[in-house]
Amino acid sequence: MAILNVRQLGDEILKKKCKPVRLITGRIRQIIDDMYDTMYDAGGVGLAAPQVGILKRIVVIDVTPAPDPETGEEPEPMRYTMINPEILETSGEQRGYEGCLSYVGMSGIVTRPDHVKVRFTDENNDTYELEGEGLLARAICHECDHLEGIMYTERVEGEVITNEQLDEILKKEAEENGGNEE
Ligand SMILES: [Zn+2]
């Protein structure tokens with residue numbers, strides 16, 4: 001297990017385009033393991049290789065929902081290792097707050113497709129086509145942007161705010177909607 005240093009906004013490596021993985025070697029599998037360790041340690045739902053200083057087209061995503069609060073039932077895992085991911089189709093639109101492990105403690109509004117179809121290879125060299133919606137679609141778009149050297153801050157609508165400011169906004173929204181819950 002190794003937790004890698006996550007590069008932060010302003011680091012030149014985050015602006016570079018990544019190269020495809022041609023052969024899935026032990027070294028590539030090690031990078032993937034370390035990327036998961038690093039992502040979970042930081043509490044993220046996605047991480048791209050350039051964020052840990054590796055200019056290869058590798059993404060890890062885990063958007064598994066929390067267990068059911070009443071039954072404790074574990075949902076189906078939604079954990080994906082994507083090597084050389086390629087977005088084939090997008091549709092719909094979702095507008096919401098987004099953050100990044102390369103810009104810790106900050107969030108901003110980004111509009112993304114609500115539905116994404118992606119093709120990728122996993123660490124066992126199997127190729128998949130996956131359709132994702134909601135948070136998964138957002139994570140796929142965000143992480144694939146990293147492989148092109150694009151940070152979400154380039155796509156933000158309005159200001160980037162701190163997570164404390166975001167908490168305030170969400171609290172206010174919850175209070176305003178509180179009357180409709182009957
Ligand atoms: Zn990111």
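**One residue, then the elements**

Modeller: Met106 is buried, as 20 other C-beta atoms lie within 10 Å. A residue counts as buried with 20 or more other C-beta atoms within 10 Å of its own, as exposed with 12 or fewer, and as partly exposed in between, the C-beta atoms being placed from the backbone. The model is predicted, so local features need pLDDT of at least 70 and side-chain atom pairs count only at pLDDT 80 or more, while totals for chains, interfaces and linings use all residues. Residues are numbered from 1 along each chain as its sequence is written.

Met106 belongs to strand β5 (residues 103–112); strands (E, at least two residues) and helices (H or I, at least four) are DSSP runs numbered from the N terminus. Leaving aside residues up to four places away in sequence, Met106 touches Gly99, Val160, Ile161, Thr162 and Asn163; contact requires C-beta atoms, placed from the backbone, within 7 Å. Although Ile161 is 55 residues from Met106 in sequence, the two are 5.6 Å apart in space, C-alpha to C-alpha.

Next come two further strands. β6 (residues 115–121) pairs with β7 (residues 127–133) in the antiparallel sense over seven bridges, pairing being defined by at least two DSSP bridges between two strands. Within this pair, His115 stands opposite Glu133 of β7. Five residues separate β6 and β7 in the hairpin they form, and Asn125 in its turn has a positive phi of about 70°.

Helix α2 (residues 134–147) has eleven of its 14 residues buried, so the rest of the structure largely encloses it. Among these buried residues are Arg138, His142, Glu143 and His146. The end C-alpha atoms of α2 are 21 Å apart, which agrees with the 20 Å its 14 residues should span at 1.5 Å a residue; the expected span is 1.5 Å times one less than the number of residues. After α2 comes Gly149, with a positive phi near 80°.

The buried residues of α1 are Ile31, Ile32, Met35, Thr38 and Met39. They cover an arc of only 130° around the axis, which puts them on the same side of α1; the arc is that of the directions from the helix axis to the C-beta atoms. Their cover includes β1 (46–48), β2 (58–62) and β3 (79–91). Gly26 and Gln30, on the other side of α1, are exposed.

Definitions and conventions:
Contact = placed C-beta atoms within 7 Å.
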